[in-house]
Amino acid sequence: MARRYRRPASWVDVSDPLRLLCYFEALRSKGTVFAFSLRLRHDIEALARSQPVPIHWLQRRVAHHLKVQLGRTVDFFFVLEEADDQSRALHLHGVLGVTDNEIARARKALRTAAGEWAEARQHQCQTTPNPDAGWITYLSKTHVWHRPFVRRLFEITGSTFKPRFEGPWTTATKSVHNAGADVWRAATGRSGGSCD
């Protein structure tokens, strides 16, 4: 018999895909958003992989370079993913809260954070205005691989699907995280602080 839940999960227990959707709705409610995909230069990827928590290091780099280029703090969230070919190259997919007038400088900031390519620079960072919730489905496509049980199962079986980086695979700026929690609370009627 299925368990019957009388209350929705608290924010800290929300699944990663649902959390990403809340981030998306929160960021979109503030203004213009752009989806982005960003590939890392090899030396930046090596530096990221050498960090205890690669995604936190990358978040700080992205935030810094966006602030330098745009002169303000930019809200964003992204996921860290590995290519599904033999290279297993790290890359980012996410959403930025920037205006149409800022997107060219935002792309420059993202390329700088990722280690701007000397050649084929136009292919390093792709942006799309006004993504819909389908973009969040795309971002979430590997979420199950990051669950502790599945990671352990991949280890035991020697699966090539096991992520080759440590730590979380999603990140958001603090304001997006908090606004996402507010979206969840408003939708579920839950109240309380950021940890519920």
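How many aromatic pairs does the structure hold? The structure holds 5 aromatic pairs. Rings of Phe, Tyr and Trp (for Trp, the six-membered ring) pair if their centres lie within 6.5 Å; planes under 30 degrees apart count as stacked, over 60 as edge-to-face, and the rest as tilted.

## Basis of the model

This is a predicted model, in which local features need pLDDT of at least 70 and side-chain atom pairs count only at pLDDT 80 or more, while totals for chains, interfaces and linings use all residues. Residues are numbered from 1 along each chain as its sequence is written, and side-chain values use heavy atoms, with hydrogens and water left out.

## Overall layout

The chain has 7 helices and 5 strands. Helices (H or I, at least four residues) and strands (E, at least two) are DSSP runs, numbered from the N terminus. Starting at the N terminus, the order of elements is α-β-α-α-β-β-α-β-α-α-β-α.

Of the chain's 196 residues, 43% count as buried. Buried means under 20% relative accessible area, exposed means over 50%, and partly exposed lies in between (1.4 Å probe, protein chains only). Among contacts (heavy atoms within 4.5 Å) between residues at least 6 apart in sequence, 71% join residues at least 24 apart.

## Aromatic pairs

The ring centres of Trp11 and Tyr23 are 6.1 Å apart and their planes stand at 65 degrees, so this pair is edge-to-face. Trp11 sits in the segment before α1 (16–30) and Tyr23 in helix α1, 12 residues apart, and the pair links distant parts of the chain. Both Trp11 and Tyr23 are buried.

The rings of Phe36 and Phe78 have centres 6.5 Å apart and planes at 75 degrees, so they too form an edge-to-face pair. Phe36 belongs to strand β1 and Phe78 to strand β2, 42 residues apart, and this pair also links distant parts of the chain. Phe36 and Phe78 are both buried. Ring pairs also link Trp11, Tyr23 and Phe77 into a cluster.

## Nonpolar cores

In soluble globular proteins, nonpolar side chains tend to be buried together. A nonpolar core is a set of buried Ala, Val, Leu, Ile, Met, Phe, Trp, Tyr and Cys residues joined through side-chain atoms within 4.5 Å. The largest nonpolar core has 27 residues, of which Leu58, Val62, Leu66, Phe78, Leu92, Leu96 and Val98 touch the most other members. At least two residues of this core come from each of β1 (34–39), α2, α3 (54–70), β2 (76–82), β3 and α4 (103–114). A second, separate core of 20 residues includes Val33, Ile136, Leu139 and Ala172.

Which residues is Val98 in contact with, leaving aside its neighbours within four places in sequence? They are Thr32, Val33, Phe34, Leu70, Arg72, Val74, Ile103 and Ala106.

## The second largest pocket

The second largest pocket has a volume of about 180 Å³. On a 1 Å grid over the protein atoms alone, a pocket is an open set of points with protein on both sides within 12 Å along at least five of seven lines, and lining residues have an atom within 4 Å of a point. Grid points are joined across faces, edges and corners, and a volume is the space filled by probe spheres set on the points.

The lining consists of Arg39, Leu40, His42, Glu45, Ala83, Asp85, Ser87, Ala89, Leu90, His91 and Trp117. By class, it has 5 nonpolar, 3 polar and 3 charged residues. Ala, Val, Leu, Ile, Met, Phe, Trp, Tyr, Cys and Pro count as nonpolar, Asp, Glu, Lys and Arg as charged, and the others, Gly among them, as polar. Helix α2 (42–49) and strand β3 (90–96) each supply at least two lining residues.

## Individual residues

Trp135 lies in helix α5 and counts as buried at 17% relative accessibility. Its contacts, leaving aside neighbours within four places in sequence, are Ala35, Phe36, Ser37, His93, Gly94 and Val95. Arg111, in helix α4, is buried with a relative accessible area of 14%. The C-alpha atoms of Arg111 and Leu40 are separated by 8.1 Å, although the two are 71 residues apart along the chain.

Ala120 has a phi near 55 degrees, a positive value in a residue other than glycine. Ala120 lies in the loop between α4 and β4 (125–129) and is partly exposed, at 37% relative accessible area.

Key:
1 Å grid on protein atoms, 1.4 Å probe; cavity = no way out; pocket = protein on both sides within 12 Å on 5 of 7 lines; lining within 4 Å.
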